[in-house]
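Here are a few notes to go with your first look at this one. Have the viewer open and follow along point by point.

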Amino acid sequence: MSDIRGSIWRKWDLHVHTPDSIVHQYRCPPDTDVWEKYISELESLPEEIKVLGINDYIFIDGYKKVLKYKEQGRLQNIELILPVIELRLNKFGGTRSNFSRINYHIIFSDAINPDVIQSQFLNALTSKYKLSPEHEAISWNGVITRESLADLGKKIKESVPKEQRVHYGDDLIEGFNNLNLNLNEINEILSRSYFTNKYLTAVGKTEWADIKWNNQSIADKKTIINNCDFVFISCPNIEHFHNAKESLTSENVNNRLLDCSDAHRFSDSTDKDRLGKCFTWLKCDSTFDGLRQIRNEFGSRVFIGNTPPKLEHIKKNPTKYIKAIKVQKTHHSKNSGWFNTSIPLNHDLVAVIGNKGNGKSAIADIIGLLGNTKNHSDFSFLTKNKFRQNNLASNFVGEIEWESGLTESKNLNDNPAGHETEKVKYLPQQFIEKLCNVDDEKFEDELKIVIYSHVEEKDRLKEESLNDLIKVKTDKYKKNIDILKMELGAINETIIEQEKLCSTKYKSWLQEQIKSKEEDIIAQEKIKPSEVEKIEANPEAQKQMYEASQKLEELNKTLNSITEEIRDKSKLHKDIEEKFSYVERLEGYIENFKKQYEIFTSSCSKETEFLGFDIKNIISLNINLDDVLKHKEALLIEKEHLNNTLIKDTKGNLITKKAKVEEEINNLQNQLDEPQRKYQIYQKDLLDWQEKYNQFKTKLDELNKTKLSISREVEKELLHLREERTQKVKEVHQNIVSIKSVFEELYKPVQTFISQHSLNDEKFQLNFEVSIQTKGFSDKLLSLINQGIKGPFQGKDEGKKVVEELLETVDFNETQSVINFVNKVVAAISSRDAKEPESVNISSQLTKNTTIMEFYEILFSLNYLQPVYSLKLGDKDLKTLSPGEKGALLLIFYLLVDKDDIPLIIDQPEENLDNQTVFNLLVPCIKEAKNRRQIVIITHNPNLAVVCDAEQIIHANMEKSQGNNIEYLSGSIENSDINKSIIDILEGTTPAFKNRTSKYYISL
């Protein structure tokens, strides 16, 4: 029986004997009709058994009786009954005391009338039978009837000593057991036109195995089994079957093994050869042509066991399989054409074929619409310039029925709402082309959707996409890197400042300053005021001069005191200003830290809300600024007091006091006589000279101290700072490695899946890895360097080559290798003058507006390093693939890699792919994918459906003369009408089918 659903799983038992078989054990009480019980038991077989091969030795009487019952309306549960003739070959196995004859089965098509089998095959065999060698002398007329066989058995028994006759059985059975046939003679009869493409053969595995492997038998042993279509066995359990199949495989012979009941007994027997004991499931039409298709696709269409895994999956996931789609007119529709159809869908591979413009893509778009596809904007049929033009689509309603029994419907003029769950994955041809030709980022995002399907639900942290999950899992490492970069910036600033002190230019300047101060001191010493002796005034003026002199001495002392106080207050003011700046910086740090804490607690809100506690109970921040504010207030008061003391207090500030004292001294000096005045001027000049001399000495001491600190402390501090910087760079890289580890963790399931998949062989290679790579480093670095001056990176091409050579030596996945690389870059660019600090040399190589800080930021921040996943198809990287290769990769991902098991609809998967890619990549993936999900492909080329062994073919045909009425013919490849449709569409490619005649048995 051909099924419009195409090839589906059913149990087939092709070796069932009847009560008319020469050998059987169907025992009944005398008053019981054995045939009635037999038929009743066949009607009570497990519901999955749909096909029976009625087996008889030599005769076909049992098959005829079963057919008669079927014609009378019995056996409604059985869809197909095939006649099977069992013969004994003239090849023997076993031992001398226990011979076994090879059983050979001819499975005939039900299309052959039983009388034809009798007249053209069984009767033709009559003259071909040979007696067993030990009984060749017995006279026998060679006409095969039950009576003649019984007569032969009687003669055989009479030919042996009486004492041996107890070892012999019934006359009929003994006669049958001693008739043997030559395989060549059987094949000669089967070659007649009556049986062309209407029979298949099978050999009994157990008896065949009894033939020894020796020089005399090896050729016959291999020929018998390898020339058969199938091998029959009756196993007590599934393990026994797999052991038997493994033995055939290991012996490198035909292993198309089928388990059959070999029933000789009723179902209540404990013997394995009983009705209903069968483990064989076949996926095909319940027709003889379906069995022939099994011969051609044995590996994928046969299952031995309790239930095929696909049926188990459907049973457990009924919402993932479409049972049928229906398209009908709405109640108000007046349209006479287009759709009025209901199509049950196969659960494996459905291929929609037909000539262009005949309604193939209509099915895909309608299923996509009913399955709430997110890609509805890429429909090719349900569009405003096609079926939705002039509101035509509003006249039709589509309905989808799931295996769960749920049905859903939509008007064909509507689109899925954004909130609806996507129940099918639809890949329209336009969608694939856009991804592969236009947008690399969206193409990668589409791959990530599939990759995300391999991340366990428990590991997804409720995130909706791979990108979101990566962001969540890497966020802490990125924040660590941000903090480390800030610390690196501070370290680099200090290094630059310190290195300036070590530069030749600064040292020269410092030496010049020291020399200048030394010269100033020498010059100052030379201009020291000449001593003026104090001369007593004449008696008449003595008293007046004395008083003025005394006053001047007091004023000079006051002036010295005020000068010293001004100097001390000024120094104190400077110290207070410095302290105040530190306080303000500290306040800034505290405020920044507070903001960071707030950002941190905010970033943890999702996790803490989910876990049900407050992060501030885990990490609390207590900021007490009392001491800081008190200190700041004290500094402000002291600063204000000093300002008042030095400048602001107009009545009594030190500057004003000093000026007044100097003015008084000047007035008094004018009252003195000449000697006294000169002496007082001398005293004043000496004081001024001493003050300036002390300033020179102090500055010289400071300069010498700075010079000494550069040689003793700065270089030591620089060594420490560089070590600290190296450590920070290590920490940055380790955080990048941690981000890489997140990628590896999330990509590992799909990476493992790909590497272990059976299809990932020499022809089909997907290679997948995560690594740390550079991005834009060469261009960024060289953009800062003046390549027009002499240096290691001089010249545009030469400089780029130097950078590339440096990059080639680095393994950016290893921290120490990255540190070595950074040091090499610094060494390369700063090696012009070994006497100078690195920053000085580097600065001399940079472009005019580039600072050394910018250079350090690019190099040491490692912003140019990022973890990336590398996906290759064969030896080609993802970004180098052509649009066609990208399309192939996308299809491979959805067919092979995607763990989602909702129905997958693909419109023209072979489009833009060359034949080799279709054969090597696409076909194996489709055949693999249909084992775990429902697949619907729309194709212009029926060859794709054929080589993928589609379980259901839907032939779309539009009758334009009848209002564009679209009809869909559905069935299996083995269905003769479907076969004809395939050939009709292929048109001129019939020669391509000739080499597949044995598989598709089409009259060409």
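**Notes on a sheet and some helices**

1. Let's start with a pair to click on: Leu766 has Leu873, in strand 19, as its bridge partner. Keep in mind that this is a predicted model.

2. Zooming out from that pair, strand 18 and strand 19 (residues 865-873) run antiparallel and are joined by nine bridges. They belong to an open sheet of three strands, ordered 18-19-20, and the pairing is antiparallel. At the edges sit strand 18 (766-774) and strand 20 (876-877), each of which pairs on one side only.

3. Next, have a look at helix 27, which covers residues 852-861. Which of its residues are buried? You'll find Ile852, Phe855, Tyr856, Leu859, Phe860 and Ser861 in that group. Just past the end of helix 27, check the backbone of Leu862: its phi is positive, at about 60°.

4. Now for a helix pair. Helix 14 (residues 429-437) packs against helix 28 (residues 883-897) at an angle of about 120°, and their axes are 9 Å apart. That angle is why helix 14 counts as oblique to helix 28. As for handedness, the two helices cross in a right-handed way.

5. Who touches whom here? From helix 14 come Ile432, Leu435, Cys436 and Asn437, and on the helix 28 side they meet Pro883, Lys886, Gly887, Leu890 and Leu891. Sorted by class, this contact between helix 14 and helix 28 has six nonpolar residues, two polar ones and one charged.

Methods: Residues numbered from 1 in each chain as written. Predicted model: local features only at pLDDT ≥ 70, side-chain atom pairs only at ≥ 80, totals over all residues. Heavy atoms only, no water. Axes fitted to C-alpha atoms, helices over the stretch in contact; angles between N-to-C directions. Helix = DSSP H or I, 4+ residues; strand = E, 2+ residues; numbered from the N terminus. Parallel < 35°, antiparallel > 145°, perpendicular 65-115°, else oblique. Left-handed = near helix turned anticlockwise from the far one by under 90°. Contact = heavy atoms within 4.5 Å. Nonpolar A, V, L, I, M, F, W, Y, C, P; charged D, E, K, R; others polar. Pairing = 2+ DSSP bridges. Buried < 20%, exposed > 50% of the residue type's maximum accessible area, 1.4 Å probe, protein only.
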